[in-house]
Amino acid sequence: MTDALVIGAGPAGLMAAEALALAGRQVVVAEAKPTPARKFLMAGKSGLNVTKDEPLADFAAAYDSDLLAPMLAGFGPAEVAQWCRDLGQEVFTGTSGRVFPLAMKASPLLRAWLARLAGQGVDLRTRWQWQGWEDGAFRFATPEGARLLRPRVTVLALGGASWARLGSDAAWVPWLAARGVQIAPFKPANMGFAVAWSDHMAAHFGQPIKAALLRAGPQSVRGEFVLSARGVEGSAIYALSRALREGAALTVNLFPDLAPLALAARIARLKRSDSLGNRLRKLGLPAPAAALVMEFGRNLPLEEALTALPVPLLGPRPMDEAISTAGGIRREALTEGLELRALPGVFACGEMLDWEAPTGGYLLTGCWASGLWAGNHAAMVRGADP
């Protein structure tokens, strides 16, 4: 007998499982991979950014729609921080407002969470790969062979369409679409963009362009990005990725803190007989930034090349390399409680849903908040005996 089934053991799925368990439901979590939360662990390798410490209205405005607004109101930045503390992981806020566990890594937080879930009776079954439906039941490939489950209630938390090797492969899309669930096509989000570099740029691959002001259409962001053999990537690029994906041109101001008149005066003091490289060196431009100007600004007036340098992009890097994805189950396919209208008793959460947000703690908080919301609403469904 299966009471409550959660498919997918990432942040959203585990949060849904905990909500169901706290409501007194007997929960089975089916995870295709040998271990849970692989993408979560990967995200924490360079410092686990769990949320951002800012007013809730500002935080919610970072999302591309208000789909998650009621969920964030119940589990927003303050609640995420307290949730981490309740798991024995104290947090701190960086200068940018981003919130991190003191340990910085995801593994201590995940270990504590899995132990708490086990204490709540959650049955985590790894290497259980969902394969769609068979005779009205959920079919799984398991180490013991095929298994069919007929739960009273189900929460799907299968992720989006990036980092397939970690579990988010979007294999579920045709199964749900065949049952009448409307799904928006997936697109890469928070991703790098390809650039056709000349050979001389290779010496600067892996180096950052710091303290720049990037513009894409009406949007602008202050930050840094990295030059790579594949193109440009990094936090400032990710923050503009939606506008860039939709065709906005990228320009870079390499002297955002210098007033135009002051920059013009510096340029006027340079010798016209100097090469462009020498003039950039005398202006104090770091080598990677100077190389970028040499690459794309040779035929521009120097002031324009330094303050509105166009960086032509070939398009987004492949979706499987993206940090997250846009697209997924459309809003009209869901009730307010995240139940699938076409599949009563089946709920969905996390990156399966059609929402988009930048990096900086928004992605994880959105997954946790939607998982909690789906789990709480699913807990109210009693259903028939399997």
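Is Trp-175 buried, exposed or partly exposed? At a relative accessibility of 26%, Trp-175 counts as partly exposed, where buried means under 20% relative accessible area, exposed over 50%, and partly exposed in between (1.4 Å probe, protein chains only). The structure is a predicted model, in which local features need pLDDT of at least 70 and side-chain atom pairs count only at pLDDT 80 or more, while totals for chains, interfaces and linings use all residues. Residues are numbered from 1 along each chain as its sequence is written, and side-chain values use heavy atoms, with hydrogens and water left out.

For residues 187-282 the corresponding values are 27% helix and 32% strand, with the end C-alpha atoms 43 Å apart. Helices (H or I, at least four residues) and strands (E, at least two) are DSSP runs, numbered from the N terminus.

Aromatic contacts were examined next. A pair of aromatic rings is described by the distance of the centres and the angle of the planes. Rings of Phe, Tyr and Trp (its six-membered ring) pair if their centres lie within 6.5 Å; planes under 30 degrees apart count as stacked, over 60 as edge-to-face and the rest as tilted. By this rule the count comes to 16 aromatic pairs. In one of them, the ring centres of Trp-130 and Trp-175 are 5.0 Å apart and the planes stand at 75 degrees, so the pair is edge-to-face. This pair links distant parts of the chain, 45 residues apart: Trp-130 belongs to strand β7 (residues 129-134) and Trp-175 to helix α7 (residues 173-178). Trp-130 counts as buried because its relative accessibility is 6%. Trp-172 and Phe-186 also form an edge-to-face pair, with 5.9 Å from centre to centre and 90 degrees between the planes. Here, too, distant parts of the chain are linked, 14 residues apart, with Trp-172 in the loop between β10 (153-156) and α7 and Phe-186 in strand β11 (residues 183-189). Both Trp-172 and Phe-186 are buried. One aromatic cluster is formed by Phe-40, Trp-83, Trp-113 and Trp-368.

Charged groups also meet aromatic rings. A charge sits over a ring if NZ of Lys or CZ of Arg is within 6 Å of the ring centre and within 35 degrees of the ring normal. The charged end of Arg-125 sits over the ring of Trp-128, 4.9 Å from its centre, and that of Arg-179 over the ring of Trp-133, 4.0 Å from its centre.

Trp-163, although not a glycine, has a positive phi of about 55 degrees. Trp-163 is placed in the loop between β10 and α7 and is partly exposed, with a relative accessible area of 23%. Ala-211, likewise not a glycine, has a positive phi of about 50 degrees. Ala-211 lies in strand β13 (residues 208-216) and is partly exposed, at 41% relative accessible area.
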